[in-house]
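Colleague: Can you walk me through this model? I would like to go through the sheets, then the helix packing, then a few residues.

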Amino acid sequence: MTEKPTDLPQWKALEAHHAEFEKVNLRDLFDTDPGRAERYFAQAGDLSVDYSKHLVDDETLRLLLDLARARGVFELRDRMFAGDKINLTEDRAVLHVALRAPATERIEVDGEDVVPAVHEVLHRMSAFASRVRGGEWTGATGKRIKTVVNIGIGGSDLGPAMAYEALRAYSKRDMQFRFVSNVDGADLYEATHDLDPAETLFIVSSKTFTTVETITNATSAKKWLLDGLGGDALSDGDSAAGAIAKHFVAVSTNDKAVAEFGIDTQNMFGFWDWVGGRYSYDSAIGLSLMIAIGPERFTEMLEGFHTIDEHFRTAPPERNLPLLMGLIGLWYRDFWDAQTLAVLPYSHYLSKFTAYLQQLDMESNGKSTRRDGEPVEWQTGPVVWGTPGTNGQHAYYQLIHQGTALIPADFIGFDRAVEGTDPFGQQDALMANFFAQTEALAFGKTREQVEAEGVPAAQVPHRTFHGNRPTTTITAPRLTPSVLGQLVALYEHKVFVQGAVWDIDSFDQWGVELGKVLAKKIEPELSSDSAPHHDSSTNAAIQRYRAERAPGK
């Protein structure tokens, strides 16, 4: 059994430091250190990160970096970039960084350079996306494709759906892009009921092409398509199989299953077992996004990813943003018992960004087993939550400001609106709220300040803000494809750092499996007359469901 992180002298030093630091106030830290804002600030690519409003000082950061060194974070990082199989439970490399590596780089897995294969797929994606965008790819009736529907779940949905929303302003506006993930039939219905099948292209995204939710939705979409086209609608005597081939493409590695579904394997775009689902939208999983924003913009996004990859790989520890953000987050999770992290983007276009980070962070680091199989005895991943500002200010910011829990928060904002999207000049109003919230959370409003305003005595305690609520301020000039790639890579590597310190495998997700396995067993029981064989609560729930679904009800 490897040494526990909590047994390390570096961990114990942080515990002692926290005991002394617990009563420190951000007001005092700024008052006694005039250069704090300049020192606790760093840049990478287009991202500027101010971490001065955190409950840290030079000693805190020194101790956290000592812990990172003791836990081998830098060695594990280098092994990841080298293609070593650091996903231990699945015996796989972890090489999402290869998805955005320039063609001139060499990254090996089992002695094979994977970069040429990545660029071969990107080239095929680019050619296909250009054909769809240009109207050369048509449906079975010869009509141009006007709507692309991506069918996937987890990383095969959250990534491309988030990125499409984030980059909608850069998308081809005479086309629609929709995303279906939930096996609830309403999701597929709402995505298709107002569409013309002759003008609709489905992208079925599933590495194994066996994911139950995805294949269920894809099978129903196939029926919707064929029912909508009808035999008479097919041009040149096209068969149903021919229609499917013109309206369905696949992102998968399972040629046989794709062909059996009816999709021409020439229109199958592959990826590799060293790409985890939650790290995959910059692979072929992003095909719908490439069609939406075009190959050139997609390439800009990949370059943004690579910018932060290189920063994480080469920047000195004291200025390494993913490293610092990961360690500061760990400081709150393990030493301040902060159970959640709020991610609060001040951009309407980042409406799905926090939901995307939920999978990235919680599926990666929601673990209670160490890399050697022993149980974890310390706190791991936080609950990630949040919505775009300013909406959240009128919902849950009250809890962050005056609640009893310590809730660190990441604020993400932009100096300029996306070009052409702020015709009435509201960016200053948005960003005034952005800056005001981080100031208010850090410094609050003292009792003396409230009393000086003449507030009635009975209200003074209720209108006092203690502050001392930590925040990270992340800004960029404008939300562009490159900046989106930089933001996602920043959080990817931050999650990596925390998993490395916590001694967990951040790249498997066995916790996703059990419920899916049980669902396969339960589904036929829902229409059966035989007694279900589960615990008494589940049995009773199944029986009630059957009764409500009985004929005549």
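Modeller: What follows takes the sheets, the helices packed on them and some single residues in turn.

Colleague: What kind of model is it, and how are residues numbered?

Modeller: This is a predicted model, in which local features need pLDDT of at least 70 and side-chain atom pairs count only at pLDDT 80 or more, while totals for chains, interfaces and linings use all residues. Residues are numbered from 1 along each chain as its sequence is written, and side-chain values use heavy atoms, with hydrogens and water left out.

Colleague: Start with the parallel sheet. What is the strand order?

Modeller: The order is β6-β5-β7-β8-β9, an open sheet of 5 strands with parallel pairing. Strands pair if DSSP finds at least two bridges between them. Helices (H or I, at least four residues) and strands (E, at least two) are DSSP runs, numbered from the N terminus.

Colleague: Which strands are at the edges?

Modeller: β6 (176-180) and β9 (268-269). Each has a single partner strand, so one side of each is left without a neighbour in the sheet.

Colleague: How many bridges hold β5 and β6 together?

Modeller: Strand β5 (residues 147-151) pairs with β6 in the parallel sense over 5 bridges. Isoleucine 151 has valine 180 in β6 as its bridge partner.

Colleague: Which helices pack there?

Modeller: Helix α7 (residues 155-166) lies across β5, β6 and β7 (200-205), at about 150 degrees to β6. Helix α8 (residues 185-192) packs on the sheet too, touching β6 and β7, and its direction makes about 170 degrees with that of β6. Contact means heavy atoms within 4.5 Å. Axes are lines fitted to C-alpha atoms, for helices over the stretch in contact, and angles run from 0 to 180 degrees between N-to-C directions.

Colleague: Is β6 buried or exposed?

Modeller: 4 of the 5 residues of β6 are buried, so this strand is largely enclosed by the rest of the structure. The chain crosses from β5 through α7 to β6 in a right-handed β-α-β crossover. With the strands pointing away from the viewer, right-handed means that the path from the first strand over the helix to the second runs clockwise. Buried means under 20% relative accessible area, exposed over 50%, and partly exposed in between (1.4 Å probe, protein chains only).

Colleague: Now the mixed sheet. What is the order there?

Modeller: 6 strands form an open sheet in the order β1-β2-β13-β12-β10-β11, with mixed pairing. β1 (41-44) and β11 (383-385) are the edge strands, each pairing on one side only. On average, neighbouring strands of this sheet are turned by 20 degrees against each other, direction ignored.

Colleague: How do β12 and β13 pair?

Modeller: Strand β12 (residues 409-414) and strand β13 (residues 471-476) pair in the parallel sense over 6 bridges. Aspartate 410 has threonine 472 in β13 as its bridge partner. Helix α17 (residues 427-443) packs on the sheet and touches β12 and β13, its direction at about 155 degrees to that of β12.

Colleague: And what does β10 pair with?

Modeller: β10 pairs with β11 in the parallel sense over 3 bridges, and with β12, also in the parallel sense, over 4 bridges. Alanine 342 stands opposite tryptophan 385 in β11, and proline 345 has isoleucine 412 in β12 as its bridge partner. 5 of the 6 residues of strand β10 (residues 340-345) are buried, so β10 is largely enclosed by the rest of the structure. The chain crosses from β10 through α15 to β11, and this β-α-β crossover is right-handed.

Colleague: How do α7 and α15 pack?

Modeller: α7 and helix α15 (residues 353-365) pack at an angle of about 150 degrees, with their axes 9 Å apart. They are therefore roughly antiparallel to each other; angles under 35 degrees count as roughly parallel, over 145 as roughly antiparallel, 65 to 115 as roughly perpendicular and the rest as oblique.

Colleague: Which residues meet?

Modeller: Gly155, Leu158, Gly159 and Met162 in α7 meet Phe353, Ala355, Tyr356 and Gln359 in α15.

Colleague: Last topic. Where does arginine 71 lie?

Modeller: Arginine 71 lies in the loop between α4 (58-70) and α5 (73-82). The residue is buried, with a relative accessible area of 18%. Not counting residues up to four places away in sequence, arginine 71 touches Pro5, Leu8, Ala500, Val501 and Asp503.
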